[in-house]
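Hi,

Here is the model I promised to pass along.

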Amino acid sequence: MVALFGAPTATPPVPSVTPTQTATATPEPISTPISSPTPSPTLSPTLSPTATQTQTQTQTQTQTPPATLTPTVAATPTVITETSAAATQPVTDVTVLPASPVADFGPLFENRVWVGLYGTCAGSGLGILGRVSATETVTMAVQQALAYQVLLTDTQVVPFFHMVTTIADPHPGADGDYVHRVTTETLGLWVDVAQAHGLFSVLDIQPGYSTIAAEMAFLGPFLQLPGVHLALDPEFSMLDGVSVPGAKIGTMTGAMVNEAQALLNEYALLAGERKALIIHQFDDRMFSGKEELVDYPNVDLVWDSDGFGGPGAKIADYNQYATEPGFEYGGFKLFYNYDVPVMEPATVIELVPLPAFLVYQ
């Protein structure tokens, strides 16, 4: 069992020093390019979103982080709170258990809520993840998860890394697809760390002008692993053939998500577990054809309400998506520096249905 210490005294949170109907296409099994990470069941970490009409934040690696993280150490585990730099709440006798695959392809979100951190393991700029080392980020993710575990006493809260792996660019690049990828070496290191500490990994694709099939093939060696899941970001899916990612809101279709589900369904069979597919949305223009969405047997589909701003608009978007076709599970994103105010965990868990997937950027 690992004891994680420290609590943030400013926004964003500060980590401790103690330092994861039938498929229509079948990906070829690929040997993993990383050392086979093995979750460590003995590590039981102790732990301590606003959809606005438009999300104008441009997600590029050149974005300057609003604050610099300075790790600190405290003697008592604490819960992260977003409202006051001084309002740390000591917590005792509460743990977040290591995540483990669900046997017999059972549902991933049955009596479980995932709570994680968003960014890219390539470095800072897209979110809180990537600003410090992978092991320090484990501490941060576990602390944020504990803020929910102390409230959801009858539900397992699972910490995770949410890593953008295909990153949209404002320039075409040599191949003209307006994206670049995190290297397999860097991605492998972060997935290794996540699995070793009992965290899940969610690998996020901003497609640009690339294709879902091409980007999933790149991620194939990782998607075959237990505890590794997938996210798609329609904001950076440029189907009009002329727009530059980040300059205009992109869009995705039900057929595209079905393609991703079909491929992910096959990776689930290789991994021996169900896979989660998270779709981000904060604007009606980002998606069309929800009525075409298919329920694939080994894929749990999560609709993530992704905008930043005030609680009223964020909650309205979440409620809307929950009533639309294809909805299976609800997701909710919170922004440490762009939500005003950042919703408290006690308020977030009042959403109906209870979000299965909560991610902090």
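Below is what I found, going from the whole chain to single residues.

Some ground rules first. This is a predicted model, so local features need pLDDT of at least 70 and side-chain atom pairs count only at pLDDT 80 or more, while totals for chains, interfaces and linings use all residues. Residues are numbered from 1 along each chain as its sequence is written, and side-chain values use heavy atoms, with hydrogens and water left out.

**Whole chain**

Of its 361 residues, 59% count as buried, meaning under 20% relative accessible area with a 1.4 Å probe, protein chains only (exposed is over 50%, partly exposed in between). The accessible surface is about 12900 Å², and 57% of that belongs to carbon and sulfur atoms (Shrake-Rupley method, 1.4 Å probe; for residues, only the protein chains shown count as cover).

**Strands around E3**

Strand E3, residues 112–119, has eight of its eight residues buried. E3 pairs in the parallel sense with strand E4 (residues 156–168) over eight bridges; pairing takes at least two DSSP bridges between the strands. Val-113 has Val-157 as its bridge partner in E4. From E3 the chain crosses through helix H1 (residues 134–149) to E4, a right-handed β-α-β crossover, which means that with the strands pointing away from the viewer, the path from the first strand over the helix to the second runs clockwise.

E3 also pairs with strand E13 (residues 357–360), again parallel, over four bridges. There, Leu-117 is partnered by Tyr-360.

Four parallel bridges join E12 to E13, with Leu-334 opposite Tyr-360. Strand E11 (residues 299–305) is joined to E12 by four bridges, also parallel, and E11, helix H5 (residues 311–322) and E12 make a right-handed β-α-β unit. Five of the six residues in E12 are buried.

**Nonpolar core**

The largest nonpolar core holds 87 residues, and Tyr-148 is among those touching the most other members. H1 gives the most to this core, with eight residues. Such a core is a set of buried Ala, Val, Leu, Ile, Met, Phe, Trp, Tyr and Cys residues joined through side-chain atoms within 4.5 Å. Leaving aside neighbours within four places in sequence, Tyr-148 is in contact (heavy atoms within 4.5 Å) with residues including Val-157, Leu-334 and Tyr-360.

Most residues other than glycine have a negative phi, and most peptide bonds are trans. The bond from Val-340 to Pro-341 is cis, with omega near -10 degrees, and the one from Val-352 to Pro-353 is cis with omega near 0 degrees. Asn-111 has a positive phi, near 60 degrees, and so does Tyr-178, also near 60 degrees. Tyr-178 counts as buried, at 18% relative accessibility.

Cheers

Key:
Helices (H or I, at least four residues) and strands (E, at least two) are DSSP runs, numbered from the N terminus.
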